[in-house]
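Hello,

Here is the structure we talked about handing over. Please look through it, then read the notes below.

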Amino acid sequence: MTSRAEAFVKELAARIPGRPTYALEVVDLVLAEAQALGASDIHWLPTAEGLLLHWRIDGVLQPAGQLPPGVAPNVIARLKVLADLLTYRTDIPQEGRIRAAPGEVEMRLSTFPTLYGEKAVVRLFAASGSYLRINDLGLPEEILDRLKGLLQSTSGAIILSGPAGSGKTTTIYACLRELVASSRGQRSLTTLEDPIEVPVPGVAQSQVNASAGFTLEVGLRSLLRQDPEVITVGEIRDPATAEIAFQASLTGHLVLTTFHAGNATGVVGRLLDMGIEPYLIRSGLLAIVSQRLVRKLCTCCRSTDDPTAFLGLSVERASLPVGCVQCGSTGYRGRSILAEFLVPEQGELGHAILLREDVGRLQRLAISAGMISLWERACRAVEAGITSPAEVRRVLGPAE
């Protein structure tokens with residue numbers, strides 16, 4: 001029986017490079033297959049041997065095929081046409097959005113010059129029918145209820161944290177859609193993004209343009225004069241943007257933003273390192289949601305109670321990946337969210353923030369106050385047979 005991957009490679013090889021429509025056919029075929037597989041990214045890497053294709057499925061980069069030498073310029077040019085980029089500029093990085101029809105998957109293209117030509121990466125976002133609201137994200141029930149309640153606040157900041165690929169963008173867009181639905185047009189919803197990844201009806205979305213002087217800091221200062229009630233800042237990257245965002249959260253605005261940090265208390269530590277005053281963090285922050293995505297085990301998995309298979313996790317049982325035709329021999333199908341929810345102003349924790357205590361101390365106090373850590377969520381997911389110890393270690397790292 002021919003696997004789907006083998007069938008795709010054969011179909012790709014059947015395209016004739018000399019045909020005028022070759023680039024169009026290949027791009028359409030690859031984009032369609034990536035969508036069917038649920039890939040989040042497609043990498044088009046030019047080499048001396050040809051154009052290598054990889055796609056990221058469930059957070060892991062996998063080989064997809066190879067196109068013959070000499071076709072890369074035309075294939076990349078076709079992608080640039082779809083994204084309204086300059087096809088004649090191959091010496092500079094470019095970014096653009098591949099516009100999709102209603103109901104189709106939104107895509108963003110990024111090109112970058114390399115030794116053998118332009119490398120292209122296409123990011124695919126969830127189709128318009130997926131992850132519309134925060135109910136669809138799979139968050140733990142207690143986090144979901146508290147987050148829904150905080151979205152009705154009239155002031156304060158909610159930070160979504162995690163590394164690249166942890167689903168922060170998906171979550172923040174789900175929160176925006178939740179706000180649109182719950183407010184029924186009675187709240188002024190605005191965003192400042194870099195770039196705009198998914199259009200959300202009912203929200204005034206703006207994209208920064210650094211070359212024109214329209215930076216996050218400049219845009220946020222001006223946005224405050226647009227009578228907003230909810231402000232979404234795509235990402236806090238520098239102290240100036242963080243300072244303005246927190247000041248806005250204390251002056252009658254609900255602020256949603258993302259931040260790169262290892263865990264919830266790590267957000268507090270990084271903000272303190274950026275020079276943000278502790279009182280702003282304690283008073284301005286409503287909550288921090290730190291999240292990760294782990295691959296879910298396929299039904300072909302096998303269970304074990306062998307402690308050596310637990311990889312040091314505090315669990316009593318686990319399931320391990322096996323691999324079958326349905327999961328492409330990976331042992332995993334789909335992803336599940338792990339999340340922790342921190343309220344910085346809670347009792348002793350809030351006092352420790354004012355004293356600029358180290359992150360380790362903050363983490364211990366947060367757990368004592370009732371926060372369920374990412375590691376605890378991960379161990380519960382392993383014991384429930386949702387994911388494997390190896391996947392937890394891949395996502396969260398080698399040590400607790």
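Is Asp227 buried or exposed? Asp227 is exposed, because its relative accessible area is 62%, and the cut-off for exposed is over 50%. Please keep in mind that this is a predicted model.

**Backbone points**

Asp227 sits in the loop between H6 and strand E10 (230-233). Its phi is positive, about 55°, although Asp227 is not a glycine.

Ser329 also has a positive phi without being a glycine; the value is about 65°. Look for Ser329 in the loop between strand E14 (318-320) and strand E15 (332-342). Ser329 is exposed, with a relative accessible area of 59%.

Next, a cis peptide bond. It joins Asp194 and Pro195, and omega is about 0°. Pro195 belongs to the loop between strand E8 (189-193) and E9.

**The sheet**

Six strands make up an open sheet. Their order is E3-E2-E1-E6-E5-E4, and the pairing is antiparallel. At the edges are strand E3 (60-67) and strand E4 (94-98), each of which pairs on one side only. From one strand to the next, the twist averages 20°.

In general, strands of a sheet pair through backbone hydrogen bonds.

Take E1 and E6 as a pair to inspect. Strand E1 covers residues 41-47 and strand E6 covers residues 117-124. The two run antiparallel, and four bridges join them. Asp41 stands opposite Arg123 in E6.

**Thr304**

Which strand holds Thr304? Thr304 is in strand E13, residues 302-304. Thr304 counts as buried because its relative accessible area is 14%, and buried means under 20%. The Thr304 side chain reaches the backbone nitrogen of Asp306 at 3.1 Å. Leaving aside residues up to four places away in sequence, Thr304 touches Ala309, Phe310, Arg317, Ala318 and Leu320.

**Gly213**

Gly213 is in the loop between strand E9 (204-207) and helix H6 (216-223). With a relative accessible area of 39%, Gly213 is partly exposed. How far apart are Gly213 and Gly18 in space? They are 45 Å apart, C-alpha to C-alpha. In sequence, Gly213 and Gly18 are 195 residues apart.

Best wishes

Conventions. Residues numbered from 1 in each chain as written. Predicted model: local features only at pLDDT ≥ 70, side-chain atom pairs only at ≥ 80, totals over all residues. Heavy atoms only, no water. Pairing = 2+ DSSP bridges. Axes fitted to C-alpha atoms, helices over the stretch in contact; angles between N-to-C directions. Buried < 20%, exposed > 50% of the residue type's maximum accessible area, 1.4 Å probe, protein only. Polar contact = N/O pair within 3.5 Å; in protein donor to acceptor, adjacent residues only side chain to side chain. Contact = heavy atoms within 4.5 Å.
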